[in-house]
Amino acid sequence: MKDKKSYYVTTPIYYPSADFHIGHCYTTIIADAIARYKRCSGFDVFYLTGTDEHGEKIQKKALEAGVSPQEYVDKIVSNAKDLWKSLNISYDKFIRTTDKEHVECVQEIFKKLYDKGDIYKGEYKGLYCTPCESFWTNTQLVDGKCPDCGRDVNEVSEEAYFFKLSKYQDRLVKYYDEHPDFIEPESRKNEMINNFIKPGLEDLCVSRTSFDWGIPVTFDDKHVVYVWLDALSNYISALGYLSEDDSKFKKYWPADLHIVGKEIVRFHTIVWPIMLMALDLPLPKKVFGHGWLVIDGGKISKSLGNYKDPREYIGLYGVDAVRYFVLREVPFGNDGVFSEEALINRTNGDLANVLGNLVNRTIGMINKYFDGVVTDTGVSEDVDKELIDLVMSTKDIVDNKMDDLRIADALDVIFDIFRRCNKYIDETMPWVLAKDENKSDRLNQVLYNLIESIRIGTVLLQPYLPDACNSIFEQINSNDIGFDTLDRFGYYKSGNKVGKAVVLFKRIEIDKK
């Protein structure tokens, strides 16, 4: 049984590519914000991501490039790591399906299922989408094409091993019924039941012989393991399952949260849980299938030519502007529209006007009126209580939003602090208080309330915008940045001296971008 204070969150492992777009980043940024928030909340977090490096399409691309598949993936997998670094992704492990430990684990899993009778040899005749690495029936096609990517499928016929999905259908449905929160949002669960389970699960082809870039089946080496059985196993192979050191597996499994795109929910909520059932392992607590980032109503994709490398956006607007847009703009679970104009509007509105302007004004006034030293004088008025009550109620609300994976709503609640601070400045008018020597203590208190409110809001904001928050902590000269400092208003040390105000987010002119 895992430690109740541990938390295991995963993204799918990604096809290694030189052409990542902002849609790929969506899942990873969301998982990162959740992982960071849980760490701040005192959890021992394990955040896993990585690359899915086997399969027919990679073998074909390597052949086209005139290199071996291993050379091909070795060369471009660094692109993924560089992208995640540029986005401040705080993963704890980056797994590659070509890792020796993963290969050995998958081979043992395959043999274990074969020995149990849940994998058997047969012949596969059917339809296969190479780009999606997916098998389909005629009834599942849309206009004769792959229902996921819309591309052509090919008829294949070859000797193959099959996994008995059908054997576990009733048990899976029972699990859905007993664990109503296993698949979210609800629409994804309904899709799985209506489109795949009710028509009847067919046994899954789990090996291929028409290519050899994959994990060999140990007892029949002309077969390689089907890429999805290989890829899904990463969630436990990364923890040392079936290895000499399975301490991480004992500590972190079952996973608390798999975050996946809606196009691969089928694999994560049907194939993966049945694999785990067959292995007599507990199932993950939740699989969340989010929507897509779309442009003009269509999914962002290389084939449509409607994407840029995310590092271009980071270079133009900053990493936290990109992170904020992805986390704030898109209602988690639904599709969201991506555009540079929307990104700029979010940056100018929330980040530059609300947050950046607040921090700049507050530090500027402290430096102007008190040479940078802010003091808690205790001279309070009713308007202070309104501000403090809102600030102190925020943590519990954000906790609830994050537990429900309503990340955009959590961010909006945090920004309520900053919006309320700006209103508080208008209400208290520090520039008027500064003109009256008898109001010096009151002015000090107003500025102290502002700096402490900014500190608290920034502590809550740091899982989402780590760079900007580090800059704010430096500007206000505060080391009280842990969630354990949120239980009372007044951690900011009276008599502390703030630093110099630095522009956090520059306003972006659309016609100059």
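A residue counts as buried under 20% relative accessible area, as exposed over 50%, and as partly exposed in between. The model discussed here is predicted. By that scale R346, with a relative accessible area of 21%, is partly exposed, whereas its salt-bridge partner D350 is buried at 11% relative accessibility. The two residues are four positions apart in helix α13 (residues 340-370), so about one helical turn separates them.

The structure holds 39 salt bridges, and three of them are set out below.

| Salt bridge | Closest N and O atoms |
|---|---|
| D350 and R346 | 3.0 Å |
| E56 and K60 | 3.6 Å |

E56 is buried at 14% relative accessibility, while K60 is partly exposed at 41%. Together with E158 and R208, these two residues are linked in a network of salt bridges.

R442 is buried, its relative accessible area being 6%, and E381 is partly exposed at 45% relative accessibility.

Apart from the charged pairs, M429, W431 and V432 make a nonpolar surface patch of about 250 Å². V432 belongs to helix α16 (residues 430-433), and its relative accessible area of 41% makes this residue partly exposed.

Terms used
Residues numbered from 1 in each chain as written. Predicted model: local features only at pLDDT ≥ 70, side-chain atom pairs only at ≥ 80, totals over all residues. Heavy atoms only, no water. Patch = residues over 30% accessible without salt bridge, like charges linked within 9 Å, V, L, I, M, F, W, Y side chains within 5 Å. Areas by Shrake-Rupley, 256 points an atom, 1.4 Å probe, with all protein chains shown as cover. Salt bridge = Lys/Arg side-chain N within 4 Å of Asp/Glu carboxyl O. Buried < 20%, exposed > 50% of the residue type's maximum accessible area, 1.4 Å probe, protein only.
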